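Hi everyone, thanks for letting me go today.

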Amino acid sequence: MEEHAPRFNLSIVSSDVEVGGARLSAEYALSDEEIAIAHWWVLINYEEVKYWKELHLSFPGVDGDLEYHNMTFANYFRTWMDMIKSDDNPNWSHELLLLAMQPQRARVYPTCTVNGVKFVSEERDNRRRTQNSGVMAKGHGLDYYGVLHSMVELVYAEGMKVHLFKCRWFDTGAQSMKMDQYGNLSVNTATSAYEDDPFVFATSVKQVFYLDDLAKGDAWKIANIVHPRNIYRAATLRVTIPGPEADAYQEPNAVGIHDVATVRENNVKHGRVLRIRDEDSTFIDVDPNEETNDDSDDELRHRLPYINSDTEENSSDDSDYEP
């Protein structure tokens, strides 16, 4: 699938977000009120609208009243964009005019990939062995931890899309988040907070892996922020990706971790006993210094066809291998 440059010059309209999976059922759909709240959240938190927010707050009748500002800013912003679009105002753009309009529709998905990192909704994640629903968003002096409820795609005029995560946030109070002496943050996942403020930009979230806190037990989890390494976009590598469900390219060997061939070579060099797991998950002790007869060597090669693969000539090919 060929990638195209973004059509819209707004930082929140990102080509680094790819939705995936069938759309969620009707129970996950956003109501008209929720779409309006999501649109308001985008306007209030988007940095490039800051000029207009500050201008509105200084208006007579608003005078810095945040509650009144939050209630009226969306309508004010739309009216202002319509009024000044022909005045060559440096703070006006066609994209901001599109953003000033309410979204035409909202789509809800269970999975998406952001900058090569896959996120999965909590409901779907609970049925998997892997964990991809943990999220963390940075606030003003406070980090917010939670799980992904759904991925929201707001579709504005001309097909301009803004992607949000709708999250279930955990309580950030001192009784619900504790840091131990080693710097490990433990979160009480049985708590919830900020039900009226569930949205966050998909591109501003970090993925979190939650581990059981054996000391505190119950619903306490240790939050580990995921730091993906060696992940690249297909456009950079000139690799063709078949669709949004495809995994991002990742180097087979992480930096600082030796591959299997190097580990095996070092073990043989230093006379260590190799401990190799075969396809049946049983372990075989092999002493590299012990002489074996041809029959036992053939038997070992039959069970572990990859063990003598130092050269291309001796490497096994599953398609041609006959027991």
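Before I point at anything, one term: a residue counts as buried when its relative accessible area is under 20%, and as exposed when that value is over 50%, with partly exposed in between. Keep in mind that what you see is a predicted model.

Cys-112 has a relative accessible area of 1%, so it is buried. Cys-167 comes out at 7%, so that one is buried too. Now, a disulfide is a covalent bond between the sulfur atoms of two cysteines. How many disulfides does the structure hold? The count is 0.

Okay, the overall picture. The protein has 323 residues, and 36% of them count as buried. It contains 8 helices and 16 strands. Here's a number I like: take the contacts with a separation of 6 or more, and 59% of them are between residues 24 or more positions apart.

Let's zoom in on a helix. Which residues are buried in helix α2, which runs over residues 50–57? They are Trp-52, Lys-53 and His-56. Why do these sit on the same side of α2? Because they cover an arc of only 105 degrees around the helix axis. As for what covers them, that includes α1 (32–45), α3 (66–84) and α4 (94–100).

Leaving out residues up to four places away in sequence, Leu-97 touches Met-81, Asp-82, Lys-85 and Trp-92.

Next up, empty space. Rolling a probe the size of a water molecule over the atoms shows where empty space is left. The largest pocket holds about 820 Å³ of space. Its lining is made of 25 residues, and those nearest the centre are Trp-41, Asn-45, Gly-139, His-140 and Asp-197. Which elements give two or more residues to that lining? They are α1, α2, α3, β5 (134–138) and β10 (199–201). Sorted by class, the lining of this pocket has 13 nonpolar, 6 polar and 6 charged residues.

The structure holds 1 cavity of 30 Å³ or more. The largest cavity has about 40 Å³ of space in it. If you want to find it on the screen, look for Ile-12, Ser-14, Val-17, His-163, Phe-201, Ala-202 and Thr-203, which line it. How does that lining divide up by class? It has 4 nonpolar residues, 3 polar ones and no charged ones.

Last stop, the loops. Start with Tyr-28, in the loop between β1 (17–20) and α1. Is Tyr-28 buried or exposed? It counts as buried, because its relative accessibility is 14% and the cut-off for buried is under 20%. Setting aside residues up to four places away in sequence, Tyr-28 touches Val-108, Glu-123, His-149 and Ser-150. Take that Ser-150: it is 122 residues from Tyr-28 along the chain, yet their C-alpha atoms are separated by 7.7 Å.

Asp-213 is another loop residue, between β11 (205–212) and β12 (220–225). With 8% relative accessibility, Asp-213 counts as buried. Again not counting residues up to four places away in sequence, Asp-213 touches Ser-186, Trp-220, Lys-221 and Ile-222.

Asp-63 lies in the loop between α2 and α3. Its phi is near 50 degrees, which is a positive value in a residue other than glycine. Asp-63 counts as exposed, because its relative accessibility is 59% and the cut-off for exposed is over 50%. Glu-158 sits in the loop between β6 (143–155) and β7 (161–169). The phi of Glu-158 is near 65 degrees, also a positive value in a residue other than glycine. With a relative accessible area of 43%, Glu-158 is partly exposed.

Key:
Residues numbered from 1 in each chain as written. Predicted model: local features only at pLDDT ≥ 70, side-chain atom pairs only at ≥ 80, totals over all residues. Heavy atoms only, no water. Disulfide = S-S within 2.5 Å. Buried < 20%, exposed > 50% of the residue type's maximum accessible area, 1.4 Å probe, protein only. 1 Å grid on protein atoms, 1.4 Å probe; cavity = no way out; pocket = protein on both sides within 12 Å on 5 of 7 lines; lining within 4 Å. Points joined across faces, edges and corners; volume = space filled by probe spheres on them. Nonpolar A, V, L, I, M, F, W, Y, C, P; charged D, E, K, R; others polar. Helix = DSSP H or I, 4+ residues; strand = E, 2+ residues; numbered from the N terminus. Arc of directions from axis to C-beta. Contact = heavy atoms within 4.5 Å.
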